[in-house]
Amino acid sequence: MTRVQCEQVADLLADVADGSVNLDRASRRHVDRCLRCQAELVQYRKLLRALHTLRTEVLEPAPGLLADILASIEEAGERRAVRSMLTGRRIAYVGGIAAAATAGAAGAILIATRGRRSRVSLAG
Amino acid sequence: MPNEIGDLTELVISARAGDQQAFETLVRATYADTYTLAYRLTGDEEDARDVVQESYLRAFRGLKRFRGDAQFTTWLYRITANCASTHLGRRAKHRHDELSDDVPLPDRNPDVDPAARNDARLTRDRITDALRLLPPRLRAVVVLRDVYDLPHEAIAAELGISESAAKVRLHRARKRLREDLFPLRGDQEREEGDARAV
């Protein structure tokens, strides 16, 4: 086998080991005959298995981390509560002003309508 | 996450509805795993602590946007990966030496016969050490893909790189880990050959 072919296959071996690539026939034939490529393939498989086992390992965080996280969440929660309270008040103010404006407008229309009626009846 | 955290669905629903107590219970159930991921990504305890705190804050603020179509823990991995990437990026502005992909891995046992090293049992400590020696950009991709099974697309999105860049980094990371943990005769020649070709 030529060196070039070996290098072409070598670039695919990690993906072959994780199952994301299937070698074509010529490359498979090369690996079957090439001890170096076979060794690399075996080692990539070992490496991927070893990396995967890390997933089951949980490291022990330094003491105090949980308390720090909870404190920052609590602080963020308080800020959020204050913000939503302020937003609520703002909505109440705006609502109050809108209601007052609506009532004022309705009153003005009512007065204007009554005034027009009384003018009409006087004229009649 | 890997260890028995159990079903977090009810807690997530309550937390999304604004129950802060439920969110705190979620934190208690997951923080050690989140710390483990953060440590694997940053390779430093202090950095991992900062990343974990920032991750939970982001999760707390963004919980309403979590649609529940992925597992809560997967969503948390992605936030943690994003925070770690940002954190390391910020730190790299002050420590340029950390970010180069071209720092050669030191041969810590030059006297040991490579064949004997190949046969030696692969321990978690060795692989953890090898991961720590990788440049952070390569380490992040290989940890997220090969340890935590995140798809290329998610990794690319959280690290702010293209999918093809994520694949290239994964390829380089795996190659370097293999060469560090199981050096073969000829790896050195091949490296030199690649360098000459460049």
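**Helix packing, domains and chains**

Reply: In this predicted model, helix α8 (residues 152-159) of chain B packs against helix α9 (residues 163-181) of chain B at an angle of about 100°, and their axes are 8 Å apart.

Me: Why is α8(B) called roughly perpendicular to α9(B)?

Reply: Angles of 65 to 115 degrees count as roughly perpendicular. The angle between the two helices is about 100°, and therefore α8(B) is roughly perpendicular to α9(B).

Me: Which residues of α8(B) meet which residues of α9(B)?

Reply: From α8(B) come H152(B), E153(B), I155(B), A156(B) and L159(B), and they meet E163(B), A166(B) and K167(B) of α9(B). Such residues are said to be in contact because their C-beta atoms, placed from the backbone, lie within 7 Å.

Me: What makes up this contact of α8(B) with α9(B), by class?

Reply: The contact has 4 nonpolar, 1 polar and 3 charged residues. Glu and Lys count as charged, so E153(B), E163(B) and K167(B) belong to that class.

Me: How is chain B divided into domains?

Reply: Domain 1 of chain B covers 1-97 and domain 2 covers 105-198. Between them, 11 residues of domain 1 are in contact with 14 residues of domain 2.

Me: Which elements give two or more residues to the side of domain 1 of chain B that touches domain 2 of chain B?

Reply: They are α2 (20-42) and α4 (72-92) of chain B. The largest share comes from α4(B), with 7 residues. By class, this side of domain 1 has 6 nonpolar, 3 polar and 2 charged residues.

Me: What is the pattern of chain A along the sequence?

Reply: Chain A reads α-α-α-α-α, with 5 helices and 0 strands.

Me: What share of the residues of chain A count as buried, and what makes a residue buried?

Reply: A residue is buried if 20 or more other C-beta atoms lie within 10 Å of its own. Of the 124 residues of chain A, 15% count as buried.

Me: How many residues of chain B are in contact with chain A, and which element gives the most?

Reply: In chain B, 36 residues are in contact with 30 residues of chain A. Elements giving two or more residues to this side of chain B are α2, α3 (45-62), α6 (124-133), α7 (136-147) and α9. The most come from α2(B), with 11 residues. By class, the side of chain B that touches chain A has 19 nonpolar, 6 polar and 11 charged residues.

Key: Residues are numbered from 1 along each chain as its sequence is written. Chains are lettered from A and ligands numbered from 1 in the order in which they are written. This is a predicted model: local features need pLDDT of at least 70, side-chain atom pairs count only at pLDDT 80 or more; totals for chains, interfaces and linings use all residues. Axes are lines fitted to C-alpha atoms, for helices over the stretch in contact, and angles run from 0 to 180 degrees between N-to-C directions. Helices (H or I, at least four residues) and strands (E, at least two) are DSSP runs, numbered from the N terminus. Angles under 35 degrees count as roughly parallel, over 145 as roughly antiparallel, 65 to 115 as roughly perpendicular and the rest as oblique. Two residues are in contact if their C-beta atoms, placed from the backbone, lie within 7 Å. Domain bounds come from an automatic or database domain assignment. A residue is buried if 20 or more other C-beta atoms lie within 10 Å of its own, exposed if 12 or fewer, and partly exposed in between; C-beta atoms are placed from the backbone.
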